[in-house]
Amino acid sequence: MADKLFLELVSPEKLLVSSDVDNVFAMGAGGAFGLYPDHSPFCTELVPCVLTYAIGQETFKVIVSKGFLEVADNKVNVLAERAVYVKDIDAAKIKAEYDALSAELAGEIADEEIRKEKETALKFCETALNI
Amino acid sequence: MASARDIKRKINSVSNTQKITKTMKMVSAAKMRKAIEVMQSARPYSAKLAELIQELSNRAGGNAEHAFFEAKEEVRTIYLVVVTSDKGLCGAFNSNVLKAAYNFTKEHKDKTIKIVPVGKRAFDFFAKRGFEIVEKWIGFGGKYTFNDAVNVGRLISKSFINGNADEVHLIYNEFKSTSSQVVRSKKLLPLAVESGSEPSYPDFEYEPDVTVLLDSLLPQFINTSIFQSMLESVAGEHGARMVAMDNATRSAGEMIKKLVLNYNKTRQAAITTELLDIVNGAEALK
């Protein structure tokens, strides 16, 4: 029986995490879930949320926007369109982005896909500001 | 024959140019290091995404149903995404990729080719030759964000789904090393997934289900491929510019050496002439 999970969290901009962890918690399309070693193979779509993982006594928090999570053979792959450590959040920048997105969404956006993308970005900002 | 003063002026001019090329080389070297870092950081994401798609497709028995996998019976219109730089002075970097893209249009003469240029050089080249430009993506100065790739990806995905494009191809420079960039051409749509392999984990659980996951994953894969090509191109551009500027600096150095030699010869000749004049003058006075 394995006692660790190997977590790799990547965004298009960089590889954020690549290490052995004790557990991973996140929010998927079907709700919140937790992963421990020897979890059954599982793949889900992620929604904007705070992904947490623990290494020993230390807990790390990463804000992720939409993406995918896959676990198999004690390896967890997280592909996030955008990801940032809570400790690295630039509150002023996120607030400015949040305000700009709110203003845009209050107006007319003809393209449904663009609207959805902006809503996801807004949720990401909301999650980052509320932490 | 040019006078010593003319040659001196030319030497000054060439050494000023040499200063500029030397500075450009150093700037490109710094930018390239940063661009390589960004490019390498993006690689794991696209690799993982490709793995995941392969796994999902295997799960669907190699017959995953999605509009992106469907090859059109008759290919009439091809969208060609050409990634170049905005600026020049980078040797054959742009001309290589443009040549490959132009050859592609010649090979597919019987089809309508529409261009999606990423970078000013590609836009100028194809607009001048009368090709239809679907939408241009220029003026980013090599600072692409994932959002820019999403915008290009959205355009081509939509065009493929609503039938405006029957195929989408991508041509760009892949960064191999500072001195080597290789032109890559690949078909973006319809997507080709290797079939025949067994799923790695038979009892996989999907949430919500494979089709919904593919719906989100595949456009993301297209966006990532475009983003990766943009980053490779930026790193390659700086590498090519660095080499081009290094060559220019060296050539300017050689030119200065020749000009100095010439200048000295001219100066020597002037002194000799002057001496002769003096000697002749003295002789005449005797």
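Let me start with strands β4 (residues 167-177) and β5 (residues 180-189) of chain B, which run antiparallel and are joined by 9 bridges. Strands here are DSSP runs of E of at least two residues, helices are runs of H or I of at least four, and both are numbered from the N terminus. Two strands count as paired if DSSP finds at least two bridges between them. Within the pair, Phe175(B) has Gln181(B) as its bridge partner in β5(B).

Before I go on, this is a predicted model: local features need pLDDT of at least 70, side-chain atom pairs count only at pLDDT 80 or more, and totals for chains, interfaces and linings use all residues. Residues are numbered from 1 along each chain as its sequence is written, and chains are lettered from A and ligands numbered from 1 in the order in which they are written.

Back to the sheet. It is open, has 5 strands in the order β3-β2-β1-β4-β5 of chain B, and its pairing is mixed. At the edges are β3 (132-133) and β5 of chain B, each pairing on one side only. Strands β1 (residues 77-83) and β2 (residues 112-118) of chain B pair in the parallel sense over 7 bridges, and Thr77(B) stands opposite Thr112(B) in β2(B).

What lies across this sheet? Helix α5(B) lies across β1, β2, β4 and β5 of chain B, at about 40 degrees to β4(B). The axes are lines fitted to C-alpha atoms, for helices over the stretch in contact, and the angles run from 0 to 180 degrees between N-to-C directions.

Next, the largest nonpolar core, with 93 residues; among those touching the most other members are Leu9(A), Val81(B) and Leu217(B). Helix α5 (residues 210-285) of chain B gives the most to this core, with 16 residues. Such a core is a set of buried Ala, Val, Leu, Ile, Met, Phe, Trp, Tyr and Cys residues joined through C-beta atoms within 7 Å. Leaving aside neighbours within four places in sequence, Leu217(B) is in contact with Phe68(A), Leu49(B), Leu52(B), Ile53(B) and Leu56(B). Contact means C-beta atoms, placed from the backbone, within 7 Å.

Now the contact between the chains. It takes 21 residues from chain A and 21 residues from chain B. On the chain A side, β5 (42-46), β8 (67-72) and β9 (75-80) each supply at least two residues, and β5(A) gives the most, with 4 residues. β5(A) also runs parallel to strand β6 (residues 205-207) of chain B, joined by 3 bridges. There, Thr44(A) has Glu207(B) as its bridge partner.

Chain A itself is assigned domain 1 (5-86) and domain 2 (89-130); the bounds come from an automatic or database domain assignment. The domain centres, taken over C-alpha atoms, are separated by 23 Å. In the contact, 9 residues of domain 1 meet 7 residues of domain 2.

Last, Ser159(B), in helix α4 (residues 146-161) of chain B. Why is Ser159(B) classed as buried? Because 20 other C-beta atoms lie within 10 Å. The cut-off for buried is 20 or more such atoms, exposed is 12 or fewer, and partly exposed is in between, with C-beta atoms placed from the backbone. Beyond neighbours within four places in sequence, Ser159(B) is in contact with Tyr79(B), Asn164(B) and Ala165(B).

How values were computed
Two residues are in contact if their C-beta atoms, placed from the backbone, lie within 7 Å.
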